[in-house]
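Hi there,

Here is the structure I promised to pass on to you. Have a look at it first, and then read on for what turned up.

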Amino acid sequence: MWTICLNEFKGHFKSIKSLIVVATIFGITYLSADLMEKLSGQIDIGSAGNDVYAIGTILIVYLLGFFFITGLSHDQINREVTSRTIRFLVTKTSKTNILLGKYIGILFFWLFSMSVSFILISLVSKDFLWLGLLDCMTFLSVALALNLIFSIILPKPAMSMFFGIIFALLFPALSVWSIYTDRIYISWFKFITPYYYSSLGEYYILINLIYAACLLLLAIWFFKRRDL
């Protein structure tokens, strides 16, 4: 499992797409933190605390997090199945270890990227925003688990890419609508979206960890029953 984890972690840093995504996040992080530093001299942001310096990073994770995960990780399983390398992997370890190795490896990639982003923010805010980092990571852990399920259910990488993009467009819109509407036919949807628990703030964001764990268990269940 840990060999697969390390390969996924290193593999993401060798990908041009990954480097572009990371560079985009770093750029927005720096620009937004620098902008808030300049605005702090003109307006009073004392009541908002240092969290305002991370607003650019958090917004890009909320708005584009599913796009980023889809673009980089939509084919983690079906790519291996299509190339038949999965048959070699299952002779070396279990399906559960394969799935967990890929999930943890990609999650470590995002943890590294998000940690560097928040270190950049701390250079401006003079404080490391641990809760903001935790919020981003718990949110991304749900997005990654969902994409792993898509990669298992959908047989071809092109299909999971197409479905992932459509999902990344519709899911955030439905999530925001369900959170801020009183209409019963859609308001229930907020309880199955990570946006809701992130919007509650504080330690409610830890519910997303439970959410991700449940999705990961579901992914393992699907994967064990898939014919390779």
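Here is something to start with: are Phe139 and Tyr195 buried or exposed? Both of them are buried. Please keep in mind that this is a predicted model.

Phe139 and Tyr195 also make an edge-to-face aromatic pair, with 4.8 Å from centre to centre and 75° between the planes. Phe139 sits in helix H7 and Tyr195 in helix H10, so their pair ties together parts that lie 56 residues apart in sequence. Tyr195 has a tilted pair with Phe171 as well, at 6.4 Å centre to centre and 55° between the planes. That pair links helix H8, where Phe171 lies, to H10, across 24 residues. Phe171 is buried too. The structure holds 25 aromatic pairs, and one aromatic cluster takes in ten residues you can look up, including Tyr62, Phe66, Phe150, Trp188 and Tyr195.

Now for the core. The largest nonpolar core has 58 residues, and Val61, Phe66, Leu99, Trp110 and Met114 have the most contacts inside it. Helix H7 gives the most to this core, with 14 residues. Beyond its neighbours within four places in sequence, Trp110 touches Val21, Ile25, Phe68, Ile69, Leu72, Met137 and Leu140.

Finally, the surface. A nonpolar patch of about 790 Å² is made by residues among them Phe162, Ile165, Leu169, Trp177 and Tyr185. Helix H8 supplies the largest share of the patch, seven residues.

Enjoy exploring!

Conventions. Residues are numbered from 1 along each chain as its sequence is written. This is a predicted model: local features need pLDDT of at least 70, side-chain atom pairs count only at pLDDT 80 or more; totals for chains, interfaces and linings use all residues. Side-chain values use heavy atoms; hydrogens and water are left out. A nonpolar core is a set of buried Ala, Val, Leu, Ile, Met, Phe, Trp, Tyr and Cys residues joined through side-chain atoms within 4.5 Å. Buried means under 20% relative accessible area, exposed over 50%, partly exposed in between (1.4 Å probe, protein chains only). Helices (H or I, at least four residues) and strands (E, at least two) are DSSP runs, numbered from the N terminus. Contact means heavy atoms within 4.5 Å. Patches are made of residues with over 30% relative accessible area and no salt bridge: like charges are joined within 9 Å, nonpolar side chains (Val, Leu, Ile, Met, Phe, Trp, Tyr) within 5 Å. Accessible areas come from the Shrake-Rupley method with a 1.4 Å probe; for residues, only the protein chains shown count as cover. A salt bridge is a side-chain nitrogen of Lys or Arg within 4 Å of a carboxyl oxygen of Asp or Glu. Rings of Phe, Tyr and Trp (its six-membered ring) pair if their centres lie within 6.5 Å; planes under 30 degrees apart count as stacked, over 60 as edge-to-face and the rest as tilted.
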